[in-house]
Amino acid sequence: MDYVRIKEIDTCITKTKTNHEERVSYMTYEMKMREAHDDGRAEGRAEGRAEGERNADLRTAKRMLAKNKSIEEIIELVNLSREEVEELALQK
């Protein structure tokens with residue numbers, strides 16, 4: 001990058017820093033970007049927790065089936081549908 005281009009960039013940055021409207025616009029943009037990033041992280045954590053809970057329910061149901069527990073008892077204790085538990089029972 002040549003000196004002239006660097007000087008143009010520096011001038012633009014200086015203008016932005018000293019122009020109140022530009023600073024407010026930039027800070028608003030930055031805040032919105034941070035919020036979007038934080039929202040994405042929270043959503044990802046929630047999805048991860050839900051997936052983890054489902055996996056725990058599947059493991060519990062499999063262990064209960066291995067101990068010959070009834071489908072009704074399993075449905076009562078884990079958060080799975082009758083169809084899901086019946087499918088697991090077929091895989092046993």
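In which hand, left or right, does α2 pass α4 in their crossing? The crossing is right-handed. The legends below describe close-up views of a predicted model.

**View 1. The crossing of helices α2 and α4.** The two helices pack with their axes 10 Å apart, at an angle of about 55 degrees.

**View 2. Residues where α2 meets α4.** From α2, the residues in this contact are R54, L58, A61, K62 and L65. Facing them from α4 are E84, V85, L88 and A89. Sorted by class, the contact of α2 with α4 holds six nonpolar and three charged residues, and no polar ones.

**View 3. The largest nonpolar core.** Nine residues form this core: L58, A61, M64, L65, I74, V78, L80, V85 and L88. Two elements, α2 (20-66) and α4 (82-91), each give two or more residues to the core. The largest share comes from α2, with four residues.

**View 4. Surroundings of M64.** M64 belongs to the largest nonpolar core. Apart from neighbours within four places in sequence, M64 is in contact with K69, E73, I74 and L77.

**View 5. L77 in helix α3.** L77 lies in α3, which covers residues 71-77. Is L77 buried or exposed? Residues over 50% relative accessible area count as exposed; L77 has 56%, so L77 is exposed. Between the C-alpha atoms of L77 and Y26 there are 52 Å, and these two residues are 51 residues apart along the chain.

Note on methods: Residues numbered from 1 in each chain as written. Predicted model: local features only at pLDDT ≥ 70, side-chain atom pairs only at ≥ 80, totals over all residues. Heavy atoms only, no water. Core = buried A, V, L, I, M, F, W, Y, C linked by side-chain atoms within 4.5 Å. Buried < 20%, exposed > 50% of the residue type's maximum accessible area, 1.4 Å probe, protein only. Contact = heavy atoms within 4.5 Å. Axes fitted to C-alpha atoms, helices over the stretch in contact; angles between N-to-C directions. Left-handed = near helix turned anticlockwise from the far one by under 90°. Nonpolar A, V, L, I, M, F, W, Y, C, P; charged D, E, K, R; others polar.
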